[in-house]
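Work through the exercises below on how two chains meet. Each task is followed by its solution.

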Number of protein chains: 2
Amino acid sequence: MKQIQTSIQDHFWNEYSKLVRDTVIPYQWEALNDRIQDAEPSYSIRNFRIAAGLETGEFGGWIFQDSDLYKWLEAVAYSLERHPDPELETIADEAIDLIGQAQRENGYLNTYFTIQEPGKEWTNLYEAHELYCAGHLFEAAVAYYEATGKRKLLDISCRFADLIASLFGTNPGQMKAYCGHPEVELALVKLYHATGEERYLNLSLYFIDERGSKPSYFLEEWERRGRTTIWAQGEPNLEVYQSHLPVREQPVAVGHSVRAVYLYTAMADLARLTGDSKLREACERLWANTTGKQMYITGGIGATHLGEAFTFDHDLPNDTVYAETCASIGLIFWARRMLQLEAKSEYADVMERALYNNVLGSMAKDGKHFFYVNPLEVWPEASSKSPDRFHVKPVRQKWFGCSCCPPNVARLISSLDEYIYGVSEDGRTVHVHLYIGSEVSFETEGRKVTLSQQSELPWNGQITFTVSLTDSPDGAEFDLSLRIPNWYNNGRPTLKINGEIQQYRIEQGYAKIDRTWKDNDQVEWLLPIETTLIAANPLIRADAGKAAIQRGPLVYCLEEADNGKPLASLSLADQPSLTERLVPDLLGGCVVVEGDGYVTDNAGWEAGMPYRVLNKQLKSIRFKAVPYYLWGNREPGEMSVWLRY
Amino acid sequence: MKQIQTSIQDHFWNEYSKLVRDTVIPYQWEALNDRIQDAEPSYSIRNFRIAAGLETGEFGGWIFQDSDLYKWLEAVAYSLERHPDPELETIADEAIDLIGQAQRENGYLNTYFTIQEPGKEWTNLYEAHELYCAGHLFEAAVAYYEATGKRKLLDISCRFADLIASLFGTNPGQMKAYCGHPEVELALVKLYHATGEERYLNLSLYFIDERGSKPSYFLEEWERRGRTTIWAQGEPNLEVYQSHLPVREQPVAVGHSVRAVYLYTAMADLARLTGDSKLREACERLWANTTGKQMYITGGIGATHLGEAFTFDHDLPNDTVYAETCASIGLIFWARRMLQLEAKSEYADVMERALYNNVLGSMAKDGKHFFYVNPLEVWPEASSKSPDRFHVKPVRQKWFGCSCCPPNVARLISSLDEYIYGVSEDGRTVHVHLYIGSEVSFETEGRKVTLSQQSELPWNGQITFTVSLTDSPDGAEFDLSLRIPNWYNNGRPTLKINGEIQQYRIEQGYAKIDRTWKDNDQVEWLLPIETTLIAANPLIRADAGKAAIQRGPLVYCLEEADNGKPLASLSLADQPSLTERLVPDLLGGCVVVEGDGYVTDNAGWEAGMPYRVLNKQLKSIRFKAVPYYLWGNREPGEMSVWLRY
């Protein structure tokens with residue numbers, strides 16, 4: 001069992017974990033079995049049944065379809081760990097049996113190659129996602145083992161990992177290669193932690209070290225295949241797959257954004273576990289670039305749908321945006337690893353930003369509809385009539401042919417407790433990264449400590465911690481470090497212990513209290529939330545002359561449902577007198593922000609007149625903004641995060 | 001010979017016609033012969049030589065490559081008509097001989113099918129451009145015949161046209177079909193005018209009438225081809241080729257924008273020649289939609305590079321824009337036909353807008369570099385690093401693989417005199433559409449009238465006309481109608497005749513003087529030019545909160561060379577105190593506009609900080625704007641037409 005136990009009890013998040021448990025996981029099981037009407041079929045279970053010899057037919061869906069089942073199993077594991085459910089566990093066990101039946105004698109496991117192209121295994125590392133799918137298998141196996149103690153999926157994984165370890169490496173006869181889609185690297189670290197087998201750590205490190213070496217394996221392999229590809233056209237684009245340079249030398253985040261952050265996540269793991277300073281510097285450099293120059297205010301990354309990729313510094317268009325859900329989830333994975341490397345509040349700030357905005361906004365309130373692309377500006381007519389914006393959907397979809405995002409949301413939310421705290425192995429330092437009502441239990445010098453957090457975030461910033469040391473009347477000494485969020489703009493927040501204001505040091509953005517804690521000590525951490533207007537760096541051309549509304553961790557947006565259209569006609573007043581109001585019956589209850597603005601008076605414009613002499617006719621209005629994560633849950637309409645001022 | 005003779009003598013335009021004569025036409029001849037270093041080869045002449053049996057080899061370039069030679073010949077014809085040049089005429093005659101050698105016995109003429117796919121003629125009307133190329137042949141032939149009196153190319157054309165007339169139509173055994181790319185329709189009207197043969201007019205009308213009928217020929221043909229296509233994928237997209245509905249029923253401009261305006265041009269011709277009121281209504285409806293809801297302020301049309309197409313009403317992004325040069329040229333063709341249908345100033349306003357901005361801006365000052373795409377906002381780094389903007393070039397190119405635009409510019413500029421006046425057949429009404437220094441001669445009631453125009457546009461709006469009636473001492477009666485440009489915003493312009501202010505009626509946007517003119521009558525038409533700020537219709541989201549600078553017919557823009565970057569940081573002051581200044585040594589001499597503005601102070605921003613609390617730190621600056629048509633003639637840099645206010 002884990003040495004550190006956490007659990008969430010939080011008004012805001014309980015609703016989401018319940019949604020994942022009661023709706024998302026069962027719904028996705030239906031989807032994996034192709035039982036959702038009018039949704040694109042998954043083929044996932046069917047593929048496994050065919051590979052297992054229980055059915056006949058062609059492979060269906062994307063080449064990486066297996067990963068959808070694995071990600072679902074991982075989410076199920078997290079859910080079972082926190083909320084035992086024998087019925088669900090039975091379903092999962094059966095799915096695991098099926099996976100076992102689809103595995104070959106030698107450990108190989110991939111339904112695409114087993115069904116569709118036997119004999120072609122490992123001939124297209126660039127595109128075929130075999131190691132990527134293996135990675136998701138390993139993550140699911142580790143989670144399921146930790147949740148249930150059952151080893152079956154772990155054993156399946158180890159057999160496959162051992163096969164991979166025998167095939168890849170620098171020994172004669174081995175492939176000097178790595179996967180086009182990073183994922184197996186971070187998964188092998190988890191497999192190492194679960195099993196204690198260093199060979200999995202070494203295999204992960206090998207993949208990281210090999211990546212981007214010259215001559216390029218992807219180019220050689222492409223030549224060997226007679227220059228054929230599955231879907232990419234022409235010569236492999238090494239930048240898109242982050243294999244243009246050895247990872248330690250990569251200066252900025254490039255290419256497919258999900259691949260990028262999965263890769264960086266593993267790099268951060270390995271930098272911590274090996275103490276490799278070059279690898280750590282690369283992580284820090286890539287982090288600074290990604291979050292400082294290529295991240296939307298919502299925590300979205302990836303500016304273009306062409307290649308689902310980063311473009312370049314400060315290029316963050318709001319309307320042709322990609323900002324894939326999975327990319328922000330990967331950013332959260334990476335942030336967590338960076339916090340493990342070094343507890344700096346900026347990592348947790350980004351984690352919180354991506355979580356409360358891009359990720360949470362990707363799922364409808366019903367848990368059954370999802371965004372793949374998370375735009376900051378939507379004009380529904382453009383989404384249907386301009387091919388440059390076909391990828392930007394104004395309405396969440398039931399499922400996707402390439403359905404990587406929905407199960408990724410499920411596995412993140414159902415394991416969210418793991419992201420709240422950072423407790424050192426000796427229990428001497430405790431960092432609170434996220435303010436989510438929860439309990440964390442750990443041991444320090446033989447004493448069992450439980451820290452309970454009460455929080456009303458994102459609506460209210462009064463946070464309380466209670467220390468439980470029931471078995472240790474003398475107390476216990478540990479450092480408690482509370483993150484000062486970057487959305488708190490009023491100097492040093494007030495901290496009280498047992499009702500008395502307490503001075504504190506600030507280290508790397510955390511308020512640090514070093515003390516011998518007694519049972520029932522109370523910490524009050526006061527972060528009054530104010531609505532603020534945020535500007536983007538002037539180098540971000542798309543946001544010039546505009547401001548976004550933020551309240552605590554929540555970015556706000558304007559919707560047509562509240563403000564009419566076109567939203568672009570609306571601008572902020574010089575002193576917009578922003579007010580906040582809790583509206584219990586709006587979108588399940590939320591704080592709306594209202595303010596003074598102007599709209600261009602359309603009255604003077606004849607219908608077919610495109611241009612005329614400027615005449616600033618403005619009408620005063622009071623606009624209403626809602627949290628971004630709730631957008632698109634009413635009638636489809638325009639939406640905008642950035643407002644002209 | 002033509003009944004109405006025009007010639008340009010104009011400080012501004014002489015330079016361009018000289019450039020076309022001395023540089024563009026010779027340069028393009030080199031290009032057609034693949035003799036431009038480091039430029040994409042044309043293959044055009046080579047294809048004809050192969051088809052003529054003078055060389056062997058494969059067809060090169062696009063399937064419609066023949067049209068480049070035809071368009072060049074058309075430009076040559078216009079140039080020869082105005083500026084005889086025996087050496088150039090010899091080259092053209094030799095090219096025409098070559099074309100004749102490539103023509104088959106039965107009249108068929110297309111180097112692609114002759115070289116590459118003999119036997120597959122007319123099997124892919126949707127994509128193969130055979131009738132399109134034929135149309136450009138006919139246009140060249142008519143122009144060359146009118147310029148030189150030589151019939152060879154006209155005879156070649158008639159033979160081909162007669163073959164086409166035998167193949168297409170409603171008789172048994174004929175193809176009930178039309179071309180995927182409209183062009184032959186307008187060319188057949190020219191062929192009818194040149195030859196007097198009504199069968200060419202009827203063939204044009206047949207193509208127009210057949211277009212969009214059900215069942216769709218394109219779909220049937222696609223099935224017959226076994227669902228194969230040349231470059232489009234999947235089922236033919238009927239909207240993209242304006243064949244989704246019969247043309248008289250098409251409600252709005254859709255699809256490929258060059259195809260659209262070539263089609264509408266022919267429709268306007270036919271509406272005039274046949275008196276078909278439904279066709280005329282369709283022209284008026286499509287005109288209102290195109291120019292009222294889908295046109296950039298520069299006269300560019302086509303909002304997306306995907307399909308080089310219109311998207312939908314009010315969708316006019318400035319950075320991902322297409323605004324192809326050929327589309328604006330086609331818009332000018334169409335505007336001229338609309339003026340022939342009915343002299344309304346709005347048609348000429350659009351013609352002037354497209355001419356002085358989008359079209360003129362497409363060619364570099366050197367006459368050897370061209371834009372295909374004419375953006376209103378450029379960020380050079382995005383053009384090279386964001387796949388959404390790869391098509392937007394910050395620097396004009398030498399030539400293009402698909403080089404439709406440069407010869408189109410050449411043929412328009414070398415025939416520009418035809419766009420200035422509208423003289424009725426009886427010489428009783430004369431409309432002046434464009435203010436370009438020129439002479440027009442015509443007869444009215446047996447009297448020869450010459451009207452000379454002196455103009456300093458686009459820099460100065462004082463225009464003078466002198467009437468010459470040397471052979472008619474009693475004078476001659478005709479209506480002179482002078483367009484009141486939509487950029488003139490000071491009520492009724494002053495009109496003087498022989499120094500005295502003259503009252504006038506306004507009809508359809510023209511100042512109309514009905515009078516018996518005497519020899520040496522002088523008309524002064526005073527259109528003092530003021531720099532104005534222009535707003536876009538609030539429904540055009542991309543321009544919300546922004547203004548463009550316009551001075552007379554010229555739209556202005558800001559360039560990085562004058563204003564630094566990012567240009568998006570710059571905004572207009574409330575009272576920008578715009579001043580004008582003639583700068584003789586800038587870009588060949590132009591009036592620059594300067595004004596007060598602000599730039600966001602970047603100083604307070606740390607390099608890697610993407611977002612922070614809004615703090616409107618602004619620095620006052622004086623900005624400098626240059627005419628849009630001159631942009632991109634200095635160091636590559638940012639450019640923007642629309643400025644925040």
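**Exercise 1.** Find how strand S14 of chain A is joined to strand S20 of chain B, and in which direction they run.

*Solution.* Strands here are DSSP runs (E, at least two residues), numbered from the N terminus, and helices are runs of H or I of at least four residues. Two strands pair if DSSP finds at least two bridges between them. Three bridges join S14(A) to S20(B), residues 611-613, and the two run antiparallel. In one of these bridges, Ala535(A) has Arg612(B) as its partner.

This is a predicted model: local features need pLDDT of at least 70, side-chain atom pairs count only at pLDDT 80 or more, and totals for chains, interfaces and linings use all residues. Residues are numbered from 1 along each chain as its sequence is written, chains are lettered from A and ligands numbered from 1 in the order written, and side-chain values use heavy atoms, without hydrogens and water.

**Exercise 2.** Determine the area buried between chain A and chain B.

*Solution.* Buried area is the accessible area (1.4 Å probe) that two parts lose on being put together, summed over both. The value is about 5,100 Å², with 62% from carbon and sulfur atoms. In chain A, Phe312(A), Arg541(A) and Tyr611(A) lose the most, together 16% of what that side buries.

**Exercise 3.** Count the salt bridges across the interface of chain A and chain B.

*Solution.* Apply the rule: a side-chain nitrogen of Lys or Arg within 4 Å of a carboxyl oxygen of Asp or Glu. Six are found. Glu638(A) and Arg541(B) meet in a salt bridge at 2.3 Å, N to O.
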